[in-house]
Amino acid sequence: MTIIVYGTPTCSQCKMFKEKLEENNIDFNSTDDLETLLDLSEKTGIMSAPIVRIGDEYFDTIGAFKKIGLC
């Protein structure tokens, strides 16, 4: 399962999400590009950062935690 975290460098929720993945030894890639995040927000309707891609699906933080099984 490929996980990509789209966020911004100053986003505390993005940092917390990535730390939680690291604590649970879950491999992921991340990008901190505001333009990409805004494009994905428009495409997916997700209005908060981070936006997380798991496989071919996009999730907000809670949805991603549920999909991965961390909540």
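Because the structure is a predicted model, local features are reported only at pLDDT of at least 70 and side-chain atom pairs count only at pLDDT 80 or more, whereas totals for chains, interfaces and linings use all residues. Residues are numbered from 1 along each chain as its sequence is written, and side-chain values use heavy atoms, with hydrogens and water left out.

Helices (H or I, at least four residues) and strands (E, at least two) are taken as DSSP runs and numbered from the N terminus. Strand 1, which covers residues 3-6, directs I3 and V5 one way and I4 and Y6 the other way. In a regular strand, side chains alternate between the two faces of the sheet. All four of these residues in strand 1 are buried, where buried means under 20% relative accessible area, exposed over 50% and partly exposed in between, with a 1.4 Å probe and protein chains only.

Two strands are said to pair if DSSP finds at least two bridges between them. Strand 1 pairs with strand 3 (residues 51-54) in the antiparallel sense over 4 bridges, and V5 stands opposite V52 in strand 3. With strand 2 (residues 29-31), strand 1 runs parallel and is joined by 3 bridges; here Y6 stands opposite T31. Strand 1, helix 1 (residues 12-23) and strand 2 together make a right-handed β-α-β unit, a crossover being right-handed if, with the strands pointing away from the viewer, the path from the first strand over the helix to the second runs clockwise.

A nonpolar core is defined as a set of buried Ala, Val, Leu, Ile, Met, Phe, Trp, Tyr and Cys residues joined through side-chain atoms within 4.5 Å. The largest such core has 11 residues, namely I3, V5, F17, L21, I26, V52, I54, F59, A64, F65 and I68. Strand 1, helix 1, strand 3 and helix 3 (61-68) are the elements that give two or more residues to this core, and the largest share, 3 residues, comes from helix 3. Apart from this core lies another, of 9 residues, which includes Y6, C11, L40 and I46. When neighbours within four places in sequence are left aside, the contacts of V5 (heavy atoms within 4.5 Å) include F17 and L21, as well as F28, P50 and I51.

The structure holds 1 aromatic pair, formed by F17 and F65, which is tilted, with 4.8 Å centre to centre and 35° between the planes. For this assignment, rings of Phe, Tyr and Trp (its six-membered ring) pair if their centres lie within 6.5 Å, and planes under 30 degrees apart count as stacked, over 60 as edge-to-face and the rest as tilted. Because F17 lies in helix 1 and F65 in helix 3, the pair ties together parts that are 48 residues apart in sequence.

A search of the whole structure finds 1 disulfide, a disulfide being a pair of cysteine sulfur atoms within 2.5 Å. The disulfide joins C11 to C14, with an S to S distance of 2.5 Å, and the link is right-handed, with 80° about the S-S bond. Both C11 and C14 are buried. C71, by contrast, is exposed, with a relative accessible area of 59%, and its sulfur is too far for a bond, because the closest cysteine sulfur, in C14, is 17 Å away.

T8, in the loop between strand 1 and helix 1, counts as buried at 16% relative accessibility and, leaving aside neighbours within four places in sequence, is in contact with C14, D32, L34 and L37. N25 lies in the loop between helix 1 and strand 2; N25 is not a glycine, yet has a positive phi of about 55°, and is exposed, with a relative accessible area of 69%. In helix 2 (residues 34-44) is found K43, which counts as exposed at 62% relative accessibility. K43 and T31 are 12 residues apart in sequence and, C-alpha to C-alpha, 17 Å apart in space. In the loop between helix 2 and strand 3 lies P50, joined to A49 by a cis peptide bond with omega of about 0°.
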